[in-house]
Amino acid sequence: MVGIIGAGQLARMTAQAAISLAVDTKVLAVLPTDPACVAATAVEIGDPNDPAALQRFVAGCDVVTFDHERVDPTLLARIETEGVRVRPSAAVLHFSDKAHQRVELAAHGFPVPPFDVVTTASEVVAFAAAHDWPVVAKTAVGGYDGRGVFVLENRDQAVATIGGLAGRRVVVEPMLDISAEIAVLVARRPSGDSAVYPMVETIQHDGICLETIAPATIDPDLRTQARNIAESIAETIGSVGILAVEFFITPDGVIVNELAPRPHNSGHWTIEGAITSQFENHVRGILDWPLGDTSLAAPAVAMANILGGAPSARPDDLPGALSVSGAHVHLYAKPTRPGRKLGHITATGPDQTVALHRARTALAAFTGTPMSKGTLHDH
Ligand SMILES: Nc1ncnc2c1ncn2[C@@H]1O[C@H](COP(=O)(O)OP(=O)(O)OP(=O)(O)O)[C@@H](O)[C@H]1O
Ligand SMILES: [Mg+2]
């Protein structure tokens, strides 16, 4: 039995992959309507930060893994010392804390932006004095899809924003000149075997990943660098299952933005676009089974996220999207909210432009809104 803490879309797609291997899953959900509840073999409702609920949940699991990182690391570490197999480990999961991550990656010599970990506006102002405004401030924990990421233009904005965070730890860094964002996924077993997915370009808007395109069309030297860095990080921190490494391409080369020690939005394309999906390789990795081939299954693969629209948006047109040849629609069965990730669409093609065009056409059909414009490098 694989226990998954959390029952969102990542757990839903992990459970789907587990079914093919006849691996039973149990999810720790907040609500019985959470996305993964229909896919898992068993469901428990509970708060992962309630020690009694967590103890109950892990009983009978051969291995415990994650849909999200919002679990108290001390609680997890305690469970680990009691003999529960937690994969990735509590120590690896701690890397989802952006402050811990930055400090550790810098200490190991990986390329990260100049940064400081602060709790007050005056420390942000001091950082800006050395690096110039604007600066980017990110809450160390609890952020996703750009929530918890703030661009601060001046002292007043720093005072207002940091003041509103009530002493939470914040990573502050310069506003970087980013020409592209890429992500590399590494699947790894406890024995150390690893497999790296082809690099993807991620297209972000307002801090939210809108689309991914595989393979990324970037300079081969940068590609090799990023791949080596991602593999080396996975080995250094001892990741197990999937580790996603997000990079910025800047005039100074590739810089690590952040890590996610679990299946990741930038890898959803692998369900149809790679020989083995990130979800299957996550299951294989945490069970210490041989990893599957991570190669592309087509020359190019594009993924477009389905985001919740305005309350007045017209009803979703699933048949419309399915009428686009080669489009694969994945819906997470989540309540809608503007900007929330509700599903994704993947399309393959003979090259990146065609694959992206297919994914965008299907997305436009689904939402009934005009197709987003722009080619690969003018987003
Ligand atoms: N220093 C920076 N300079 C310029 N843009 C940045 C900087 N940091 C972040 N961004 C932009 O904001 C996006 C979100 O930042 P980040 O990945 O740190 O946050 P997140 O909300 O944790 O993301 P995720 O949804 O991947 O969990 C980045 O993908 C990038 O587009
Ligand atoms: Mg990110």
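User: Where does Val2 lie?
Analyst: Val2 lies in strand 1, residues 2-5. Helices (H or I, at least four residues) and strands (E, at least two) are DSSP runs, numbered from the N terminus. The model is predicted: local features need pLDDT of at least 70, side-chain atom pairs count only at pLDDT 80 or more, and totals for chains, interfaces and linings use all residues. Residues are numbered from 1 along each chain as its sequence is written, chains are lettered from A and ligands numbered from 1 in the order in which they are written, and side-chain values use heavy atoms, with hydrogens and water left out.

User: Is Val2 buried or exposed?
Analyst: Val2 counts as buried, at 3% relative accessibility. Buried means under 20% relative accessible area, exposed over 50%, and partly exposed in between, with a 1.4 Å probe and protein chains only.

User: How far is its C-alpha atom from that of Val63?
Analyst: The C-alpha atoms of Val2 and Val63 are separated by 5.2 Å, although the two residues are 61 residues apart along the chain.

User: Now the ligand. Which residues come nearest to ligand 1?
Analyst: Lys98, Gly146, Glu173, Glu181 and Glu258 come nearest, out of 19 residues around ligand 1. A residue is near a molecule or strand if one of its heavy atoms lies within 4 Å of it.

User: What are the distances to the side chains of Lys98, Glu173 and Glu258?
Analyst: An oxygen atom of ligand 1 is 2.6 Å from an N or O atom in the side chain of Lys98. For Glu173, a nitrogen atom of the ligand is 2.7 Å from a side-chain N or O atom. For Glu258, an oxygen atom of the ligand is 2.7 Å from a side-chain N or O atom. A polar contact is a pair of N or O atoms within 3.5 Å; within protein, one must be able to donate a hydrogen and the other to accept it, and residues adjacent in sequence count only if both atoms are side-chain atoms.

User: How much of the ligand does the protein cover?
Analyst: The protein covers 88% of the 620 Å² of accessible area that ligand 1 has on its own. Accessible areas come from the Shrake-Rupley method with a 1.4 Å probe; for residues, only the protein chains shown count as cover.

User: Which elements give two or more residues to the shell?
Analyst: These are strand 6 (135-139), strand 8 (170-174), strand 13 (241-250) and strand 14 (253-260).

User: And what is the shell like by class?
Analyst: The shell around ligand 1 has 8 nonpolar, 4 polar and 7 charged residues. Ala, Val, Leu, Ile, Met, Phe, Trp, Tyr, Cys and Pro count as nonpolar, Asp, Glu, Lys and Arg as charged, and the others, Gly among them, as polar.

User: Different topic. How many disulfides are there?
Analyst: A search of the whole structure finds 0 disulfides, a disulfide being a pair of cysteine sulfur atoms within 2.5 Å.

User: How many aromatic pairs does the structure hold?
Analyst: The structure holds 1 aromatic pair. Tyr197 and Trp269 form this edge-to-face pair, with 6.4 Å centre to centre and 85° between the planes. Rings of Phe, Tyr and Trp (its six-membered ring) pair if their centres lie within 6.5 Å; planes under 30 degrees apart count as stacked, over 60 as edge-to-face and the rest as tilted.

User: Which parts of the chain does the pair link?
Analyst: The pair links distant parts, 72 residues apart: Tyr197 is in the loop between strand 10 (194-196) and strand 11 (200-205), and Trp269 is in the loop between strand 14 and helix 9 (270-273). Tyr197 counts as buried at 3% relative accessibility, and Trp269 is buried at 1%.

User: What does the side chain of Arg189 reach?
Analyst: The side chain of Arg189 reaches the backbone oxygen of Asp288 at 2.6 Å. A polar atom of the Arg189 side chain also lies 3.2 Å from the backbone oxygen of Trp289. Arg189 is buried, with a relative accessible area of 15%.

User: Last one: where are the cis peptide bonds at Pro88 and Pro215?
Analyst: The bond from Arg87 to Pro88 is cis, with omega near 0°, and Pro88 is in the loop between helix 3 (73-81) and helix 4 (90-93). A cis bond also joins Ala214 and Pro215, with omega about -5°.
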